[in-house]
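Thanks for coming. I have a few minutes on side-chain contacts, and you can follow along on the screen.

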Amino acid sequence: MPIIVNLDVMMAKRKMSLNELSEKVELTLSNLSILKTGKAKAIRFSTLEAICKALNCQPADILEYIEESTN
Amino acid sequence: MSRTNNFAFKVLSIVAWIIFVGLCIDAGGLIVNFIFSFSKPEMVKNLYQKLDLSEMYNRSRWAFYSMYSFILVISVLKAYLFYIVIRLISKLDLSKPFNSFVSEQITQISYFTLSIGLLSYIARETTKNLQHRGYEIDQLNQFWVDSQAFILMAAVVYVIATIFKKGLEIQNENDLTV
């Protein structure tokens, strides 16, 4: 998928565990895991807002666009 | 889900089981008769459901066996169709109905219903042809009187299956939306 979620990178920078983040954003561990492993098909703005607030970052810090190669 | 819906599903399940058992008995009786007709031709006079195809048997074995094959295949398909319905009802979880198993079962129901409808229609046209050639076919009409109804049902179920597949896609996407 062209959109990469760098949640684990930001979590490592802020020294936050998945459990802590899950409590702060009020999202279940399984949903966070779906997001972290890149399996998510979509993210709500409310979720993105909550994550950015919890990790004190911008959406661009978490989401990255990488063009797919045509090979 | 409401109590009324659950009760309706339970009644539907019981009715489906009753019909399935009846269709299995019909199919079983027809299969046994078919097997025995090879070794004991005198049985052709008194087949399952008081069917007397002795005149057709004596006139043309090919006509007898082809007509009987139609009857047999249609009755087996009907029994299998209700087996799929029972399997669907027994495994359907009304709190989460949109899954690939249910979608597949509904699609299969539409395919089998269409097969039954088309086979019944072909059999009906074949018996009309035989009637023009002087065969007595009145007793056979009972087996394919509902061919058009099956074709109509197949079309409706196919539409439902298509809508269900779309619902499944939407649910899967919703499940992966955080």
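I will go through aromatic pairs, then charged pairs, then a surface patch.

One caution before the details: this is a predicted model.

Take B:Phe34 and B:Tyr65, which are edge-to-face, with 5.9 Å between ring centres and 85° between the planes. B:Phe34 belongs to helix H1 of chain B and B:Tyr65 to helix H3, residues 61-91, so this contact ties together parts 31 residues apart in sequence. Both B:Phe34 and B:Tyr65 are buried.

B:Tyr80 and B:Phe112 make another pair; their centres are 5.0 Å apart and the planes meet at 55°, so we call it tilted. B:Tyr80 counts as partly exposed, because its relative accessibility is 33%, and the buried class stops under 20%.

Back to the first pair for a moment. B:Phe34 and B:Tyr65 sit in a cluster linked by ring pairs, together with B:Phe38, B:Tyr57, B:Phe64 and B:Tyr68.

Now the charges. The whole structure has 4 salt bridges over all chains. In one of them, B:Arg59 meets B:Glu55 at 3.7 Å, N to O. The two are 4 residues apart, about one turn, in helix H2 of chain B, residues 54-59. Both are partly exposed: B:Arg59 has a relative accessibility of 44%, and B:Glu55 has 35%. B:Arg59 also lies over the face of B:Tyr135, 4.2 Å from the ring centre.

Which residue does B:Asp146 form a salt bridge with? The partner is B:Lys78, with the closest N and O atoms 3.5 Å apart. This pair links distant parts of the chain, 68 residues apart: B:Asp146 is in the loop between H4 and helix H5 of chain B, and B:Lys78 is in helix H3. B:Asp146 is partly exposed at 24%, whereas B:Lys78 is buried at 15%.

A further salt bridge joins B:Glu125 to B:Lys128 at 3.6 Å, N to O. They are 3 residues apart in helix H4 of chain B, so about one helical turn separates them.

Last, the surface. B:Ile31, B:Val32, B:Ile35, B:Phe36 and B:Val76 make a nonpolar patch of about 400 Å². Helix H1 of chain B, residues 3-39, gives the largest share, 4 residues. One residue of that helix is B:Val32, partly exposed with a relative accessible area of 43%.

That is what I have; questions are welcome.

Definitions and conventions
Residues numbered from 1 in each chain as written. Chains lettered and ligands numbered in written order. Predicted model: local features only at pLDDT ≥ 70, side-chain atom pairs only at ≥ 80, totals over all residues. Heavy atoms only, no water. Patch = residues over 30% accessible without salt bridge, like charges linked within 9 Å, V, L, I, M, F, W, Y side chains within 5 Å. Areas by Shrake-Rupley, 256 points an atom, 1.4 Å probe, with all protein chains shown as cover. Salt bridge = Lys/Arg side-chain N within 4 Å of Asp/Glu carboxyl O. Buried < 20%, exposed > 50% of the residue type's maximum accessible area, 1.4 Å probe, protein only. Phe/Tyr/Trp six-rings, centres within 6.5 Å; stacked < 30°, edge-to-face > 60°. Lys NZ or Arg CZ within 6 Å of the ring centre and 35° of its normal.
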